[in-house]
Amino acid sequence: MLIVTLASCAQEKTANQPKIKSEEIIFYQVDERGKITREGPAMDELLEYNADGKISKAYVIQFDKAKDTNIYNLHERYFYEGKNLIKKEKIGYRTGEVYEEISCKYMQDKLLRKDVKTIENGKEVLKKNGSFYSDYIYEKNTETEKVFEYDEEKKEFVLAYISHKFFDTKKNLIQEKLEDKNGEIYQQNDLTYNKENKLIKDIQSLRFPSTITYQYNKEGDVVENRYESEGTIITTTYTLKYDFNDNWIEKKEVETTNIKRQIPKPEYIIKRKIAYY
């Protein structure tokens, strides 16, 4: 449910730090002999930010080995009104055409409706698994999202599931329950935070029970996450290097597990090149 992103936007650390203008994130793979190679397409990306710290564009980076250069393909565009995201476009980096559009409507800065549309040849196409909308209802420390998907047989939108979110007084998400169209809760996540409001434990129950715990360094970045489920333990550790603004610019990722593997999972080195305003 929750993903700790590699692009840990430094704008969120302190208001006194310079704003990030762009960050280029490149993945390298380290084999058993210590040989380092580029991981390949769909992993590397360039993110651009507005002066207020909001993401504006995302590019997929392809590495041209013959020319030893990067090719930047626009993949996402973001549009805002004030601080609110009103539209996001997903673009095929091979075709250059918009294939998905996400639009949002607000009232008093609260999200009321979100539409996900499939786009083909510049027009919306209604299709299963590609057309959705969500309605949002708010009460004290709670958010309810009803998600509707397009039914190709009925030619209409039908209820897919309901998300119930509960927050503490610091606006941290502390519990999420997913309810199917028949009213049955099929997934529940309970989350715990430290005094710095960093997520330290995510317990998933009901479907695919698991526990993920997180540890942080003094800079506030994850240095270890530990996944446990039905006897399987997967621990991922991160060793980081920082620039003069205390934003990480290199991250070494090592995964270990108590499950025997015929082919060991390689280590990764993620390099992050940051440009500031």
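Rings of Phe, Tyr and Trp (its six-membered ring) pair if their centres lie within 6.5 Å; planes under 30 degrees apart count as stacked, over 60 as edge-to-face and the rest as tilted. The model is predicted, so local features need pLDDT of at least 70 and side-chain atom pairs pLDDT 80 or more, while totals for chains, interfaces and linings use all residues. Residues are numbered from 1 along each chain as its sequence is written, and side-chain values use heavy atoms, leaving out hydrogens and water.

**View 1. Tyr133 and Phe157 form an edge-to-face pair.** The structure holds four aromatic pairs. In the pair shown, the ring centres of Tyr133 and Phe157 are 5.3 Å apart and the planes stand at 65°, so the pair is edge-to-face. It links distant parts of the chain: Tyr133 sits in strand β10 (residues 132-139) and Phe157 in strand β12 (residues 156-167), 24 residues apart. Strands here are DSSP runs of E with at least two residues, helices are runs of H or I with at least four, and both are numbered from the N terminus. Tyr133 has 15% relative accessibility and counts as buried. Phe157, at 30%, is partly exposed. Buried means under 20% relative accessible area, exposed over 50%, and partly exposed in between (1.4 Å probe, protein chains only). Ring pairs also link Tyr133, Phe148, Tyr150 and Phe157 into a cluster.

**View 2. Phe244 and Tyr276 form a tilted pair.** The centres of Phe244 and Tyr276 are 6.1 Å apart, with 45° between the planes. Phe244 lies in the loop between β18 (232-242) and β19 (248-257). Tyr276 belongs to strand β20 (residues 267-276), and 32 residues separate the two partners. Phe244 is exposed, at 72% relative accessibility.

**View 3. Two lysines lie over aromatic faces.** Lys87 lies over the face of Phe79, 4.9 Å from the ring centre. Lys271 lies over the face of Tyr28, 5.5 Å from the ring centre. A charge sits over a ring if NZ of Lys or CZ of Arg is within 6 Å of the ring centre and within 35 degrees of the ring normal.

**View 4. Glu179 is buried yet has no salt bridge.** Glu179 lies in strand β13 (residues 173-180). The nearest side chain of opposite charge is Lys146, 8.2 Å away. Lys and Arg count as positive, Asp and Glu as negative; His and the chain ends are not counted. A salt bridge needs a side-chain nitrogen of Lys or Arg within 4 Å of a carboxyl oxygen of Asp or Glu.

**View 5. Asp109 and Lys155 have positive phi values.** Most residues other than glycine have a negative phi. Phi of Asp109 is near 65°. Asp109 is in the loop between β7 (98-107) and β8 (110-120) and is partly exposed, with a relative accessible area of 46%. Lys155 has a phi of about 60°. Lys155 lies in the loop between β11 (142-151) and β12 and is exposed, at 61%.
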